[in-house]
Protein chains: 2
Amino acid sequence: MRMAFSVLDMTPEDADAFARAIVDAKAKIHLCPICQNLTDREVCAVCDDLTRDKRVICVVSDAKTVMAMEKVKEYRGTYHVLHGVLSPLNGITPDKLKIKELLARVNEGDVKEIIVATNANVEGETTAMYLARLLKPLDIKVTRLAYGISVGTDIEFADEVTLYRALQGRRDV
Amino acid sequence: MRMAFSVLDMTPEDADAFARAIVDAKAKIHLCPICQNLTDREVCAVCDDLTRDKRVICVVSDAKTVMAMEKVKEYRGTYHVLHGVLSPLNGITPDKLKIKELLARVNEGDVKEIIVATNANVEGETTAMYLARLLKPLDIKVTRLAYGISVGTDIEFADEVTLYRALQGRRDV
C-alpha cells in the first residue's frame, strides 16, 4: 500500500523512470560468477578489487549480509553468497545452495580461511557445521563470527543463551 | 503515578503490608561481607553455597547483573559486586568502588580466574582494563565476556561495531 501511494504521488516522468528501473533491475542484475553476490557488472566490485584479500572468504546466506559486513570497513577479504542456509525440514539441502561454487573456489585458489557468517540460529549453525566438516579435510581454517553481548547492550537485558555464549567465549583481557 | 494508583487499589491490609515491606527492605537488606551483593542473610546465598566454585569470581557492576548471570544456570562460580563502574569524569574513581574488597578476597583465597562482566561501553571497558592491570601481577587470569552477535539476531541488523567485534573474536568451528 505504501508503494502504491508513493507511485500515485510521483510525476508521470518519475513513475515512468521507476517502472523502467524495475524492468532494468530484473534484466541487468545477475550473480557474480565468483562469489554469487548480486551485481550489474561482469564480476562484482569486491571480487574485482585487487586490494581485497582473496585468501579469506566470508560465507554469508544472502546479499543483505554482504552489505552489513561491508559497513565494517575493516574487513578486507572476499565473500561467498550461499543464497540460503541449510534447512532439511524445509527442503533446503546442500545442493540447493551455492556450495559447489564455494568448493570450486577453494579447490582452485589458495584459500586460507573461511569465515562463516550465518545467523546465530539453528539453520545458521547447521550450515556452519556442515561447511566446517566439508572444508576441514582440505586443510582450510574454518571460523565463525563470535557470539556474545552486542556493543552498547546492558548485560542486565541480555537473554540467557547469549549470556551463556558470552561466558563460554570469554577472552583474556 | 502507577505505584500511587496501585496503592489506591489495595485493601487497607495490603497497603499496610506493603508499607511494612518497604521499611523492612531498607532495614534488613545489607551487603554480603564477601561478595558485596545485596542480601538479607548474614552471608549471601551464593557465597554460602558449598557447591559453587570459589576460585572463579565474576565481577559485575551491580546486583541486577548478578540476577541476569544467575539465569545462566551453567555458571557455578561466585560474584563480586563493584557497585558501579569506573568513570573518572563523573567522579567515580577506584576508591568509590568495592575494589579493595575484591583485592582482599584475591589475597586471602586461591582465586584462579576473574571474569569481568561489565557492560560493553567505555566505562565497562575501562573498569575491565583497570582490573586486569591490577590483578595480572598477582598471577590471576582475567577474562572478559565475549562481544559478538546476540543469539537469534539477524547479522543484517547488527550494528557495525558489534559486527567488527564478532569478526575480531571469530573462533574455529
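Visitor: How many bridges join strand E3 of chain B to E4(B), and do the two run parallel or antiparallel?

Guide: Two strands pair if DSSP finds at least two bridges between them; strands (E, at least two residues) and helices (H or I, at least four) are DSSP runs numbered from the N terminus. In this predicted model, five bridges join E3 (residues 53-60) of chain B to E4(B), and the strands run parallel. B:Ile57 stands opposite B:Thr78 in E4(B).

Visitor: What is the strand order of the open sheet?

Guide: The order is E7(A)-E6(B)-E5(B)-E3(B)-E4(B), with mixed pairing. E7 of chain A and E4 (77-81) of chain B are at the edges, each with a single partner strand, so one side of each lacks a neighbour in the sheet.

Visitor: How is the packing of H4(B) and H5(B) described?

Guide: Two packed helices are described by the angle between their axes and the distance between the axes. Axes are lines fitted to C-alpha atoms, for helices over the stretch in contact, and angles run from 0 to 180 degrees between N-to-C directions. The axes of H4 (residues 99-108) of chain B and H5(B) come within 12 Å and cross at roughly 35 degrees. Contact (heavy atoms within 4.5 Å) is made by B:Ile99, B:Leu102, B:Leu103 and B:Val106 of H4(B) with B:Tyr130, B:Leu131, B:Leu134 and B:Leu135 of H5(B).

Visitor: Which conventions apply?

Guide: Residues are numbered from 1 along each chain as its sequence is written, and chains are lettered from A and ligands numbered from 1 in the order written. Local features need pLDDT of at least 70, side-chain atom pairs count only at pLDDT 80 or more, totals for chains, interfaces and linings use all residues, and side-chain values use heavy atoms, without hydrogens and water.
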